[in-house]
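Work through the two exercises below with the sequence and the structure at hand, and try each task before reading its solution.

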Amino acid sequence: MRENGPVTSATRQPETPAATLPPRLIATDLDGTLLRDDKSVSERTVAALAAAEEAGIEVFFVTGRPARWMDVVSDHVHGHGLAICGNGAAVVDLHGGPGAHRFVKVRELARENALDAVRLVREAAPGTVFAVEQTYGFYQEPAYPKLHMEIPDTLASAEKLLAPDAPGAGEPVLKILAFHHELDPDAFLTVARDAVGDRATITRSSPSALLEISGPGVSKASTLELCCAERGISPEEVVAFGDMPNDVEMLTWAGTSYAMGNAHPAVIAAASGRTVANNEDGVAVVIENILAERL
């Protein structure tokens, strides 16, 4: 969900954390991390991902993007073909290709929790506008800006969009999006978290004041933990990469983690190491080093 924005280049080599167990899984964010700013996957990165899978290391894409935006990496999935989307709200099988993704696991935001979050954020930050992300639909308020380059299925107030008789009422809500035209992004995040408390999980991945609100306890980290537990993989056997606040929990949970050279300060503080920027193929650089050490 991260929008294009200025990136601070890091030209030095990665700071490598102390060795733990040999990695069995690589978990990487997409926008601002694996993807370059033009949303491409470089040839070097494609080769590194394929080499990791060939060496027996599973690769999981872990992103705030919805399933319908995963075509950017659908050609680069190997083996299991799974990705964690919506900041942990869904595990998706990408093997079907664009438009044919299968939801393997859904961790929805209950509508009552979503309505509570809308009310509390509106009270704490007047002027906030909302959108609703569901498994197969996207709905927004009329004043919500065109941030996502797509036409919403319905325009209405968030309260109506989350009502029992709303369009798509039979579909799970994955997250709601809250946007403010004036507030500082980090300040908006703090205000919203203080207001909503444990009714929902709130994070952000955009350089603008755009928040992403998921179910209680739902995060990239908690869903990745579930996927790893199913495979008998411990946190110490996971290497994770990220650049924005929605990656913090995942980087803290993983045994080895890297903040990108273009990362938010909170991400740098959370990670155990640091690599070069996304435009310099920072994920590929680390994967190449990991594989070289195994020779």
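Strands (E, at least two residues) and helices (H or I, at least four) are DSSP runs, numbered from the N terminus. This is a predicted model, in which local features need pLDDT of at least 70 and side-chain atom pairs count only at pLDDT 80 or more, while totals for chains, interfaces and linings use all residues. Residues are numbered from 1 along each chain as its sequence is written, and side-chain values use heavy atoms, with hydrogens and water left out.

**Exercise 1.** Find which strand supplies the largest share of the lining of the largest cavity.

*Solution.* On a 1 Å grid over the protein atoms alone, a cavity is a set of points where a 1.4 Å probe fits but cannot get out, and lining residues have an atom within 4 Å of a point. The lining of the largest cavity consists of N87, T201, I202, T203, E212, S214, V218, S219, K220, N246 and E249. The largest share, three residues, belongs to β10.

**Exercise 2.** Describe how helix α2 (residues 43–54) and helix α10 (residues 282–293) cross, and name the residues in contact.

*Solution.* Axes are lines fitted to C-alpha atoms over the stretch in contact, with angles from 0 to 180 degrees between N-to-C directions. The two axes come within 9 Å and cross at roughly 35 degrees. The contact (heavy atoms within 4.5 Å) joins R44, T45, A48, L49, A51 and A52 of α2 to A284, V285, I287, E288 and L291 of α10.

Note on methods:
On a 1 Å grid over the protein atoms alone, a cavity is a set of points where a 1.4 Å probe fits but cannot get out, and a pocket is an open set with protein on both sides within 12 Å along at least five of seven lines; lining residues have an atom within 4 Å of a point.
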